[in-house]
Amino acid sequence: MENKKEIPYKIYLEESEIPTSWYNVRADMKTKPAPLLNPGTGEPMKAEELGAVFCEELIKQEIDNDTRYFPIPQEIRDFYKMYRPSPLVRAYCLEEKLKTPAKIYYKFEGNNTSGSHKLNSAIAQAYYAKKQGLKGVTTETGAGQWGTALSMACAYFGLDLLVYMVKVSYEQKPFRREVMRTYGAKVIPSPSTTTEIGKKILAEHPDTTGSLGCAISEAVEAEMKNPGYKYVLGSVLNQVLLHQTVIGLETQAALKKYNIKPDMIIGCAGGGSNLGGLVSPFVGEMLRGENKYQIIAVEPASCPSFTRGKFAYDFCDTGKICPLAKMYTLGSQFIPSANHAGGLRYHGMSPILSQLYHDGLMEARAVEQTSVFEAAETFARCEGILPAPESSHAIRVAIDEALKCKETGEEKTIVFGLTGTGYFDLVAYQKYNDGVMDDYIPTDADLQKGFDGIPSIPGIQ
């Protein structure tokens, strides 16, 4: 093991080094993400149309392809100071366990009450909702990290919050639900009988365990029925990835402090907020011809949007009321198996990341959940942090790559995103430890059911 004095366990930035702007990777992309389409007309969505659902300032961020940096309002930076800058940690103990010449770093985003990176965008979206004079917001949440983060942000700004939580997570993660309620949110298992879309889904699939697509539909319907409310979301869209770039910008700055250049950057991929936030500044370097990195998106084999999905315009929600987005998708009607223990349950992928992947700037890998939890426990025993199942997808591939270095003798530098902690995910850990967790990989026939629901848009696809 090298001298720890050369590179400390934790590389901290100063409070004054918290980014002052979010980075918009679209400004540097040669091929811009395709615009959102109106599901009724098939035409690109106008700002005034998006205004029926989203906050005004967030719409500006959503559709801007040219502004490279968006200044972070001082009120948001002041909130960030409660838990940012987050540390970039050298995984010395994991390296020693693996006997690898690779150098492994992780950017740890779990040092706040929500337990994840989601708070970076939650506080921004709540700020803009408050600034617009709204009474409250609606949202969906899968594993519960986004709902938890948004409940904290809404409490901070005095906003009401209605959360539709995917039913399987609502039942498996009651403590995450109670944190949301402690911060003042109303939490409803989705699909529910509180919306017309929820009733329709339950009538067609009475035993469904729910999906993010279902929960999104319900949250949007609820927003439309409640004056003074808007809908906000925790991943996928451009505005969310923009806010999350504080992760990658801080990572860049921490690495530069010690003249460290990563060979590969690894992140888990569900809707894309964490992955996009971590890698966008590095992708920007690649797009500008300044550096080259191997960027790896890791997704669950049970919900393989990148590795087995189709790059096409699709509905963002199961109820088909949201805009159409061009993305890698399994179809809006796809619902992951109930045995899927972690998050990363969304049927599609961020339009930004989808375009970058389509253009060959990223690669993707799908991993089975038993191997994910094996990696999680290895990491926990070495590094002292119980990782979120989502984060553990990235850990799995980081370990795999480090072991390859062991075989080849290469001294690669690996950076991955540790999106949060797994202390509310102990039902999943229990299943793994009891030996009752198994792997589900959808067949081609399973996936085809979802693909059959992808709309055909004349002249586009």
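This report walks through salt bridges, helix packing and a few individual residues in a predicted model.

## Ground rules

Because the model is predicted, local features need pLDDT of at least 70 and side-chain atom pairs count only at pLDDT 80 or more, while totals for chains, interfaces and linings use all residues. Residues are numbered from 1 along each chain as its sequence is written, and side-chain values use heavy atoms, with hydrogens and water left out.

Helices (H or I, at least four residues) and strands (E, at least two) are DSSP runs, numbered from the N terminus.

## Salt bridges

A salt bridge here is a side-chain nitrogen of Lys or Arg within 4 Å of a carboxyl oxygen of Asp or Glu. The structure holds 26 of them. One joins aspartate 28 to arginine 68, with an N to O distance of 2.4 Å. This pair links distant parts of the chain, 40 residues apart: aspartate 28 sits in the loop between β2 (21-23) and α1 (47-50), and arginine 68 in the loop between α2 (56-63) and β3 (69-71). Aspartate 28 is buried at 8% relative accessible area, whereas arginine 68 is partly exposed at 35%.

Another salt bridge pairs glutamate 250 with arginine 84, their closest N and O atoms being 2.9 Å apart. Here the partners are 166 residues apart, with glutamate 250 in helix α11 (residues 238-257) and arginine 84 in the loop between α3 (74-80) and β4 (88-90). Both glutamate 250 and arginine 84 are buried. Glutamate 374 and arginine 396 also meet in a salt bridge, at 3.1 Å from N to O. Glutamate 374 belongs to helix α15 (residues 369-383) and arginine 396 to helix α16 (residues 389-408), so this pair ties together parts that are 22 residues apart in sequence. Glutamate 374 is partly exposed at 42% relative accessibility, and arginine 396 is buried at 9%. Salt bridges with shared partners join Asp28, Arg68, Arg288 and Glu290 into one network.

## Helix pairs

Two packed helices are described by the angle between their axes and the distance between the axes. Axes are lines fitted to C-alpha atoms, for helices over the stretch in contact, and the angles run from 0 to 180 degrees between N-to-C directions. Angles under 35 degrees count as roughly parallel, over 145 as roughly antiparallel, 65 to 115 as roughly perpendicular and the rest as oblique. A crossing is left-handed if the near helix is turned anticlockwise from the far one by less than a right angle, and right-handed if clockwise.

Take helix α6 (residues 145-157) and helix α8 (residues 174-182): their axes come within 8 Å and cross at roughly 15°. That makes α6 roughly parallel to α8, and their crossing is left-handed. Contact means heavy atoms within 4.5 Å; Gln145, Gly147, Thr148 and Ser151 in α6 meet Arg176, Val179 and Met180 in α8. By class, this contact of α6 with α8 has two nonpolar, four polar and one charged residues. (Ala, Val, Leu, Ile, Met, Phe, Trp, Tyr, Cys and Pro count as nonpolar, Asp, Glu, Lys and Arg as charged, and the others, Gly among them, as polar.)

Helix α5 (residues 119-131) packs on α11 at an angle of about 130°, with the axes 8 Å apart. That makes α5 oblique to α11, and the crossing of α5 and α11 is right-handed. On the α5 side the contact is made by Asn120, Ser121, Ala124, Gln125 and Tyr128, and on the α11 side by Gln239, Val240, His243, Gln244, Val246 and Ile247. The contact of α5 with α11 has five nonpolar, six polar and no charged residues.

## Helix α14 and leucine 353

Six of the eight residues of α14 are buried, leaving the helix mostly covered. These buried residues are Pro351, Ile352, Leu353, Ser354, Gln355 and Leu356. They pack against α11, α12 (273-287), α13 (305-308), β12 (310-315) and β13 (324-329).

Leucine 353, found in helix α14 (residues 351-358), is buried with a relative accessible area of 0%. Not counting residues up to four places away in sequence, leucine 353 touches Leu241, Gly272, Leu275, Gly276, Phe306 and Met362.

Definitions and conventions. Buried < 20%, exposed > 50% of the residue type's maximum accessible area, 1.4 Å probe, protein only.
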